[in-house]
Amino acid sequence: MTRGTEIATKVAAFVRETVAPYERDPRCGTHGPSDALVQELRGLARAAGVLTPHILPDGSHLTHRETAQVLRAAGLSPLGPLAVNVMAPDEGNMYLLGKAASPEQKARFLDPLVSGKARSAFFMTEPAADGGAGSDPSMMLTTAVADGNHWVVNGRKAFITGAEGARVGIVMAKAEEGATMFLVDLPDTAIRIERVLDTIDSSMPGGHAVVQITDLRIPADQMLGNPGEGFKLAQIRLAPARLTHCMRWLGSCQRAHEIATDYANRRHAFGKPLIDHEGVGFMLAENLIDLKQAELMIDWCADVLDTGALGTAESSMAKVAVSEALMRIADRCVQVMGGTGVTGDTIVEQVFREVRAFRIYDGPTEVHKWSLAKKVKRDWRTTNL
Ligand SMILES: Cc1cc2nc3c(=O)[nH]c(=O)nc-3n(C[C@H](O)[C@H](O)[C@H](O)COP(=O)(O)OP(=O)(O)OC[C@H]3O[C@@H](n4cnc5c(N)ncnc54)[C@H](O)[C@@H]3O)c2cc1C
């Protein structure tokens, strides 16, 4: 058994046997599972030896290809990624800090995340009503001004996943030199949560917050990288974080498909099991095709990242193909299960809501297609002009 398969097998068993029974726990709220539930699940994961399974004791990460196996296993329940500490945004934040933080920054901000004791938030997007950064991050309005040995940050942020309850923040702001990233301890009185948004999804602890930042003073040694390097650093996180979302939600759709398949085999209508009606059987057959295509697309992109390439175009292609395929799969699972599909009796309804949101975060489908179209034009010009 390879290293990736061995870890993934352990994680899958833990998620199916130990985590899945918590799926209807009353601590799973509309703004995500409570931190008490997160800590209870992490205690179980620690005891089972599957906490933070993608980072090895020496701090190195599994390969992207191995990560794909492990995170797909974690995603077999919407609670799985947070139980084993591979959830968004922490997993992407851990990856970025592992690559870009100084040893002192790692000890202070990364170690509590790897040990599963703390959560983090990534502050980039700004409210549409303010005309701030969204699909186009260059529209960033939040400012960072140098003041002696400190930076002073002011602005508003929106959709900040997990800000409520996070202990580590990565804040992106515009300095004179350009976009710049800062590490901050949370909570901080200068970072006020205006409200937690009521969103379609409900798997991420703390939900998604609108945040007001007023005169946040950050010591210069808490800058990640150098002034003006914010977008360059964001690139490090971008492609892998997109792909890990694909991995986790593929696991959830795999499980939703299993639940719908079970329903279609047990439930009868018009004298035979639903699955024997071609309309239902074909939906499940199409799921099988989409699941395999999504898996292959993820593995292909993971192999590209494992060469050390940035994988910008490849991860855009994978994100579009996988998120759209997962939406189709989740929708078919709901349909196959009739009324039960839209109830909270199984995770199918939640998975449908979660993958709908996934078509927007980490780059909406249209933005990825737009950037790929620019590449198509660029490549054409290279060979034709
Ligand atoms: C559940 C969730 C969690 C999130 N978590 C975080 C987080 O933790 N931290 C953070 O910083 N941000 C987070 N975000 C924000 C996310 O990154 C943004 O929603 C995303 O970048 C889109 O920005 P916007 O919502 O402002 O959409 P807009 O920029 O207003 O775009 C709206 C729509 O316009 C279309 N569009 C835009 N540009 C183009 C183009 N060039 N070509 C064609 N169509 C286009 C797309 O269809 C797009 O969906 C989260 C969002 C969601 C929904």
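1. Start with E349 and its contacts. Setting aside neighbours within four places in sequence, E349 is in contact (heavy atoms within 4.5 Å) with G341, V342, T343 and G344. E349 sits in helix 10, residues 348–358; helices here are DSSP runs of H or I with at least four residues, strands are runs of E with at least two, and both are numbered from the N terminus.

2. Before going on, a word on provenance. This is a predicted model, where local features need pLDDT of at least 70 and side-chain atom pairs count only at pLDDT 80 or more, while totals for chains, interfaces and linings use all residues. Residues are numbered from 1 along each chain as its sequence is written, and side-chain values use heavy atoms, with hydrogens and water left out.

3. Back to E349: its side chain and that of R353 are joined by a polar contact of 2.8 Å. That term means a pair of N or O atoms within 3.5 Å; within protein, one must be able to donate a hydrogen and the other to accept it, and residues adjacent in sequence count only if both atoms are side-chain atoms.

4. Now the nonpolar cores, meaning sets of buried Ala, Val, Leu, Ile, Met, Phe, Trp, Tyr and Cys residues joined through side-chain atoms within 4.5 Å. Buried is under 20% relative accessible area, exposed is over 50%, and partly exposed is in between (1.4 Å probe, protein chains only). The largest core has 64 residues, and V11, F14, L243, I298, L326 and V355 touch the most other members. Elements giving it two or more residues include helix 1 (3–19), helix 8 (278–306) and helix 10. Helix 7 gives the most, with 11 residues.

5. F14 deserves a look of its own. Beyond four places in sequence, F14 is in contact with V19, L41, L44, A45, A48, V50, A83 and V84. Apart from that core lies another, of 23 residues, among them F123, F182, V184 and I218.

6. S120 is in strand 3 (residues 120–123). S120 counts as buried because its relative accessibility is 1%. The side chains of S120 and N93 make a polar contact of 2.9 Å. Among the residues S120 touches, not counting those up to four places away, are P89, L113, T161 and V168.

7. Last, strand 9 (residues 208–219). Strand 5 (residues 150–161) pairs with strand 9 in the antiparallel sense over 9 bridges; pairing takes at least two DSSP bridges. T161 has H208 as its bridge partner in strand 9. Strand 8 (residues 191–196) also pairs antiparallel with strand 9, over 5 bridges, and R195 is partnered there by V210.
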